[in-house]
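Please look over the protein shown below.

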Amino acid sequence: MMKADTIRSHTDPSVYVILRPEVRDHLRRHFDGDLPGSKFYAATPDELLQSVLDRFPNAVRNARPNADGVKIVSVEFDTPIGTSNVVPLENLTDDERSTLRTVPRGETLARCASCSRIFPTCHCQLILDAVSALITAYPGPLAPPLPPSPDTPDPYWDHHVFIE
(Lines give C-alpha, C1' and ligand atoms only; values in the text may rest on other atoms or scores of the structure.)
Protein backbone atom coordinates (compact mmCIF):
# COMPACT_ATOMS: atom_id res chain seq x y z
CA MET A 1 0.00 0.00 0.00
CA MET A 2 1.34 3.42 -0.94
CA LYS A 3 1.76 6.00 1.79
CA ALA A 4 0.53 9.57 1.85
CA ASP A 5 2.82 12.42 0.82
CA THR A 6 3.15 15.60 2.86
CA ILE A 7 3.70 18.63 0.67
CA ARG A 8 5.13 21.64 2.55
CA SER A 9 5.27 25.29 1.65
CA HIS A 10 8.78 26.47 0.72
CA THR A 11 7.90 29.93 2.07
CA ASP A 12 6.49 28.67 5.39
CA PRO A 13 7.40 25.02 6.15
CA SER A 14 4.83 24.90 8.98
CA VAL A 15 2.10 24.96 6.30
CA TYR A 16 1.40 21.66 4.54
CA VAL A 17 -1.16 19.48 2.82
CA ILE A 18 -1.33 15.69 3.04
CA LEU A 19 -1.92 13.97 -0.30
CA ARG A 20 -3.15 10.38 -0.01
CA PRO A 21 -2.81 7.94 -2.94
CA GLU A 22 -6.57 7.51 -3.36
CA VAL A 23 -7.04 11.30 -3.54
CA ARG A 24 -4.19 11.55 -6.08
CA ASP A 25 -6.11 9.01 -8.21
CA HIS A 26 -9.37 10.95 -7.75
CA LEU A 27 -7.66 14.20 -8.84
CA ARG A 28 -6.67 12.77 -12.21
CA ARG A 29 -10.05 13.97 -13.51
CA HIS A 30 -8.85 17.56 -13.02
CA PHE A 31 -5.49 17.06 -14.74
CA ASP A 32 -6.17 14.61 -17.53
CA GLY A 33 -8.72 11.99 -18.43
CA ASP A 34 -11.97 12.05 -20.29
CA LEU A 35 -14.39 12.95 -17.48
CA PRO A 36 -16.17 16.23 -18.07
CA GLY A 37 -15.20 19.01 -15.72
CA SER A 38 -12.62 21.64 -14.93
CA LYS A 39 -8.95 21.01 -15.68
CA PHE A 40 -5.74 22.40 -14.18
CA TYR A 41 -2.88 23.55 -16.39
CA ALA A 42 -0.37 22.12 -13.86
CA ALA A 43 1.08 18.75 -14.88
CA THR A 44 0.48 17.02 -11.52
CA PRO A 45 -1.36 17.49 -8.22
CA ASP A 46 2.01 17.88 -6.49
CA GLU A 47 2.96 20.81 -8.77
CA LEU A 48 -0.39 22.51 -8.17
CA LEU A 49 -0.33 22.02 -4.39
CA GLN A 50 3.25 23.27 -4.15
CA SER A 51 2.27 26.42 -6.03
CA VAL A 52 -0.74 27.06 -3.75
CA LEU A 53 1.29 26.39 -0.60
CA ASP A 54 4.17 28.64 -1.70
CA ARG A 55 1.99 31.54 -2.88
CA PHE A 56 -0.86 31.37 -0.37
CA PRO A 57 0.47 29.87 2.89
CA ASN A 58 -1.75 32.13 5.01
CA ALA A 59 -4.91 31.00 3.24
CA VAL A 60 -4.06 27.37 4.03
CA ARG A 61 -2.89 28.11 7.60
CA ASN A 62 -5.94 30.23 8.45
CA ALA A 63 -8.57 27.83 7.05
CA ARG A 64 -10.79 26.51 9.83
CA PRO A 65 -13.00 23.41 9.75
CA ASN A 66 -16.68 24.10 9.16
CA ALA A 67 -19.52 22.22 10.89
CA ASP A 68 -18.76 19.19 8.69
CA GLY A 69 -15.07 19.20 9.67
CA VAL A 70 -14.04 20.45 6.22
CA LYS A 71 -11.66 23.32 5.50
CA ILE A 72 -12.22 25.25 2.28
CA VAL A 73 -9.27 27.13 0.83
CA SER A 74 -10.21 29.47 -2.03
CA VAL A 75 -7.37 31.32 -3.71
CA GLU A 76 -6.99 33.45 -6.83
CA PHE A 77 -3.82 33.49 -8.92
CA ASP A 78 -2.70 36.44 -11.08
CA THR A 79 -2.91 34.35 -14.24
CA PRO A 80 -5.19 31.49 -15.33
CA ILE A 81 -4.35 28.16 -13.68
CA GLY A 82 -6.86 26.08 -15.59
CA THR A 83 -10.25 25.97 -17.20
CA SER A 84 -13.53 26.19 -15.35
CA ASN A 85 -15.74 23.75 -17.16
CA VAL A 86 -18.69 24.23 -14.86
CA VAL A 87 -20.75 27.12 -16.17
CA PRO A 88 -24.11 28.69 -15.48
CA LEU A 89 -26.79 27.53 -17.91
CA GLU A 90 -27.54 31.18 -18.69
CA ASN A 91 -24.02 31.59 -20.15
CA LEU A 92 -24.67 28.97 -22.82
CA THR A 93 -26.03 29.75 -26.26
CA ASP A 94 -29.25 28.14 -27.46
CA ASP A 95 -27.18 25.78 -29.64
CA GLU A 96 -25.05 24.77 -26.65
CA ARG A 97 -28.13 24.25 -24.46
CA SER A 98 -29.57 21.97 -27.16
CA THR A 99 -26.68 19.53 -26.50
CA LEU A 100 -27.60 19.04 -22.81
CA ARG A 101 -27.47 15.41 -21.73
CA THR A 102 -26.78 13.35 -18.61
CA VAL A 103 -23.43 11.54 -18.51
CA PRO A 104 -21.56 9.39 -15.97
CA ARG A 105 -19.05 11.37 -13.94
CA GLY A 106 -17.19 9.12 -11.55
CA GLU A 107 -19.67 7.58 -9.13
CA THR A 108 -22.58 9.82 -10.11
CA LEU A 109 -24.38 11.30 -13.09
CA ALA A 110 -24.09 14.92 -14.18
CA ARG A 111 -25.68 17.23 -16.72
CA CYS A 112 -23.29 18.12 -19.50
CA ALA A 113 -23.33 20.32 -22.62
CA SER A 114 -21.01 20.47 -25.60
CA CYS A 115 -19.23 23.75 -26.17
CA SER A 116 -16.16 24.76 -28.17
CA ARG A 117 -15.50 27.79 -25.99
CA ILE A 118 -12.81 27.75 -23.28
CA PHE A 119 -13.45 29.30 -19.87
CA PRO A 120 -10.04 30.08 -18.29
CA THR A 121 -9.95 30.68 -14.54
CA CYS A 122 -7.54 32.12 -11.99
CA HIS A 123 -9.50 30.55 -9.10
CA CYS A 124 -8.43 27.41 -7.27
CA GLN A 125 -10.27 25.47 -4.59
CA LEU A 126 -8.69 23.10 -2.07
CA ILE A 127 -11.02 21.07 0.11
CA LEU A 128 -9.19 19.69 3.17
CA ASP A 129 -10.17 17.62 6.16
CA ALA A 130 -9.52 18.80 9.73
CA VAL A 131 -5.89 17.55 9.69
CA SER A 132 -5.13 19.19 6.30
CA ALA A 133 -5.42 16.03 4.23
CA LEU A 134 -6.67 16.93 0.76
CA ILE A 135 -10.18 15.74 -0.06
CA THR A 136 -10.28 17.32 -3.51
CA ALA A 137 -9.07 20.31 -5.52
CA TYR A 138 -10.43 21.94 -8.62
CA PRO A 139 -10.01 25.08 -10.73
CA GLY A 140 -12.84 27.60 -10.84
CA PRO A 141 -15.24 29.13 -8.35
CA LEU A 142 -16.35 27.28 -5.25
CA ALA A 143 -19.11 24.77 -6.05
CA PRO A 144 -20.96 22.32 -3.82
CA PRO A 145 -20.66 18.55 -4.35
CA LEU A 146 -22.82 17.04 -7.05
CA PRO A 147 -26.17 15.73 -5.85
CA PRO A 148 -26.71 11.94 -6.07
CA SER A 149 -28.64 12.40 -9.31
CA PRO A 150 -29.28 15.27 -11.75
CA ASP A 151 -32.97 14.80 -10.86
CA THR A 152 -32.27 15.72 -7.21
CA PRO A 153 -33.15 19.41 -6.73
CA ASP A 154 -30.09 21.51 -5.87
CA PRO A 155 -29.90 25.33 -5.77
CA TYR A 156 -26.48 25.36 -7.48
CA TRP A 157 -26.51 22.38 -9.83
CA ASP A 158 -30.04 23.16 -11.11
CA HIS A 159 -28.45 26.20 -12.80
CA HIS A 160 -24.94 24.92 -13.68
CA VAL A 161 -23.64 22.24 -16.05
CA PHE A 162 -20.36 20.63 -17.02
CA ILE A 163 -18.86 21.51 -20.39
CA GLU A 164 -17.30 18.97 -22.72
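This is a predicted model: local features need pLDDT of at least 70, side-chain atom pairs count only at pLDDT 80 or more; totals for chains, interfaces and linings use all residues.

Residues are numbered from 1 along each chain as its sequence is written, and side-chain values use heavy atoms, with hydrogens and water left out.

**Overall form**

- The protein has 4 helices and 12 strands; these are DSSP runs numbered from the N terminus, with helices being H or I of at least four residues and strands E of at least two.
- The C-alpha trace spans about 50 × 30 × 30 Å along the principal axes of the protein.
- Of the 164 residues, 47% are buried. Buried means under 20% relative accessible area, exposed means over 50%, and partly exposed lies in between (1.4 Å probe, protein chains only).
- Among contacts with a separation of 6 or more, 63% are between residues 24 or more positions apart; a contact means heavy atoms within 4.5 Å.

**The largest pocket**

- Pockets and cavities are found on a 1 Å grid over the protein atoms alone: a cavity is a set of points where a 1.4 Å probe fits but cannot get out, a pocket is an open set with protein on both sides within 12 Å along at least five of seven lines, and lining residues have an atom within 4 Å of a point.
- Grid points are joined across faces, edges and corners, and a volume is the space filled by probe spheres set on the points.
- The largest pocket has a volume of about 680 Å³.
- Its lining has 28 residues, and T136, Y138, P144, P145 and L146 lie nearest the centre of the pocket.
- Strand β11 (residues 134-139) gives the largest share of this lining, 4 residues.
- The lining of the largest pocket divides into 16 nonpolar, 8 polar and 4 charged residues. Here Ala, Val, Leu, Ile, Met, Phe, Trp, Tyr, Cys and Pro count as nonpolar, Asp, Glu, Lys and Arg as charged, and the others, Gly among them, as polar.

**The cavity**

- The whole structure holds 1 cavity of 30 Å³ or more.
- The volume of the largest cavity is about 90 Å³.
- Residues lining the largest cavity include L109, A110, R111, L146, W157 and H160.
- Strand β8 (residues 108-113) supplies 3 residues, the largest share of that lining.
- By type, the cavity lining has 6 nonpolar, 3 polar and 2 charged residues.

**Cysteines**

- A disulfide is a pair of cysteine sulfur atoms within 2.5 Å, and the count by this rule is 0.
- C122 counts as buried because its relative accessibility is 18%, and C124 counts as buried at 0%.

**Single residues**

- I127 is in strand β10 and counts as buried, at 12% relative accessibility.
- I127 and V70 are 57 residues apart along the chain, yet their C-alpha atoms are separated by 6.8 Å. Leaving aside neighbours within four places in sequence, the contacts of I127 include V70, K71, I72 and L142.
- S132 sits in the loop between β10 (123-128) and β11. Its phi is near 70 degrees, a positive value in a residue other than glycine, and S132 is buried at 9% relative accessibility.
- R20 lies in the loop between β2 (16-19) and α1 (21-27) and is partly exposed, at 29%.
- R20 and D5 are 15 residues apart in sequence and 6.4 Å apart in space, C-alpha to C-alpha. Not counting residues up to four places away in sequence, R20 touches A4, D129 and A133.
- The C-alpha atoms of S116 and I18, which are 98 residues apart along the chain, are separated by 36 Å.
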